[in-house]
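Hi,

Here is the model we talked about, ready for you to open. My notes on what turned up follow below it.

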Amino acid sequence: MGRVFSGVQPTGNIHLGNYLGALKQFVELQDDNECIYCIVDLHAITVEQDPEELKEHILDVAALYIAIGIDPKKSIVFVQSTVPGHTELSWLLTCSSYTGELSRMTQFKDKGKGKESAPTGLFMYPVLMAADILLYDTDIVPVGIDQKQHIELTRDLCNRVNNKYGETFVLPEGRYLKEGAKIMALDDPTKKMSKSAENELSRISLLDDEAKIKKAIMRATTDSDGTIKFDQENKPGISNLMNIYTAFSDLSIEDIEKKYEGKGYGDFKKDLVEILVNGLAPIKQKFEEIRYSDELIEILKDGANRANAIAEKVVERTKKNMGVGLPR
Ligand code: ATP
Ligand code: MG
């Protein structure tokens with residue numbers, strides 16, 4: 001039994017990449033671990049957000065957590081900004097981080113695009129993420145492979161503080177799913193599927209209706225070769241769609257190749273639309289049931305209390321070891 005922590009940004013609705021790359025394992029981990037799942041709203045504001053939309057997205061992501069099978073009785077589900085320890089610990093860690101290591105983070109380079117006006121919050125993002133994880137004496141962090149660099153930084157910061165100030169934090173480990181779990185953008189299979197990408201047709205959200213799913217899949221970038229063969233390097237578009245297909249059906253990649261021998265992308269895509277519409281239906285239904293209920297708010301309040309009880313102790317331990325505050 002270990003402690004598990006992970007988070008999702010309320011920057012939009014959870015898409016197939018989030019689900020297949022990270023959230024599917026959130027549910028599996030609940031049975032044998034103490035799990036803490038957060039809606040990281042303070043990370044969301046590292047890029048510009050409309051406050052009214054953000055408010056809605058926070059509750060959307062919370063409801064989606066429950067809809068995919070996270071059980072709030074077993075796991076702690078809460079909103080990051082409702083537990084003050086995240087920002088407190090973030091500053092304490094900032095003072096042990098280096099500007100050099102932060103400027104090497106690929107997410108900062110991608111989202112900041114090297115601009116002079118790149119938000120400082122975007123630069124500090126990995127330190128806040130390290131605080132999120134270390135705040136709960138976390139053992140395991142289930143995330144998509146795109147977060148590996150941030151997890152490594154978290155481990156570096158953890159070791160650095162422990163070496164400087166004595167045993168303060170538990171050393172966490174990332175848990176990544178197999179290679180196929182990085183889902184690529186539908187309009188450009190060289191980029192990862194992302195909530196904050198401008199083109200709506202680049203992703204499929206778990207809440208999308210049939211018309212949107214159809215449009216996005218039928219227009220998804222493939223290649224001119226026309227055969228349904230898995231080859232991530234030379235046929236990244238169709239391989240990405242095959243990864244989605246296999247995740248939502250009983251067929252392996254080889255089974256899919258056999259099934260579509262001699263058939264074209266049109267047939268394959270039509271079937272994939274149907275598989276997705278049916279596969280997502282139960283999630284959508286559960287989402288509708290919980291999203292506008294008082295129960296959801298109660299779950300998040302209860303989650304914040306339970307999270308805070310753990311966080312307070314770790315912040316206090318860190319402050320004491322660093323020598324800040326009053327004598328104890
Ligand atoms: P944003 O574009 O705003 O950063 P995002 O789509 O990257 O949004 P996050 O909230 O940053 O989503 O990440 C939530 C989880 O989903 C993380 O564990 C992340 O590693 C994982 N994840 C995000 N995109 C993908 C993807 N395309 N394939 C697999 N996992 C992903
Ligand atoms: Mg992201």
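First, a term for what follows: a residue is buried if 20 or more other C-beta atoms lie within 10 Å of its own, exposed if 12 or fewer, and partly exposed in between, with C-beta atoms placed from the backbone. Keep in mind that this is a predicted model, where local features need pLDDT of at least 70, side-chain atom pairs count only at pLDDT 80 or more, and totals for chains, interfaces and linings use all residues. Residues are numbered from 1 along each chain as its sequence is written, while chains are lettered from A and ligands numbered from 1 in the order in which they are written.

On to helix α10. Helices (H or I, at least four residues) and strands (E, at least two) are DSSP runs, numbered from the N terminus. The buried residues of α10 are I238, S239, N240, L241, M242, N243, I244 and Y245. Their cover includes α1 (16-29), α11 (253-259) and α12 (265-291); contact here is C-beta atoms, placed from the backbone, within 7 Å.

Next, the domains, whose bounds come from an automatic or database domain assignment. Domain 1 takes in 3-176 + 294-322, and domain 2 is 200-288. Their centres, taken over C-alpha atoms, are 30 Å apart. Eleven residues from domain 1 and ten residues from domain 2 make the contact. On the domain 1 side, α1 and α3 (51-68) are the elements that give two or more residues, and α3 gives the most, with five. That side has nine nonpolar residues, two polar and no charged. (Ala, Val, Leu, Ile, Met, Phe, Trp, Tyr, Cys and Pro count as nonpolar, Asp, Glu, Lys and Arg as charged, and the others, Gly among them, as polar.)

Helix α1 turns up again at ligand 1, where it supplies the largest share of the shell, four residues. There are 19 residues around the ligand, and G17, G21, A22, V143 and G144 come nearest; near means a C-beta atom, placed from the backbone, within 6 Å. The shell splits into six nonpolar, nine polar and four charged residues.

Last, the UniProt record. An unreviewed entry lists residues 10-18 as "short sequence motif: 'HIGH' region". The end C-alpha atoms of that span lie 12 Å apart, and it is 33% helix and 0% strand. An unreviewed "binding site" annotation from UniProt covers D132, which lies in helix α7 (residues 120-134). D132 counts as buried because 27 other C-beta atoms lie within 10 Å. Beyond its neighbours within four places in sequence, D132 is in contact with F5, G7, C38, V40, Q80 and H86. UniProt positions are in the numbering used here, feature names are shortened, and annotations may be inferred rather than shown by experiment.

Cheers

Conventions:
Contact = placed C-beta atoms within 7 Å.
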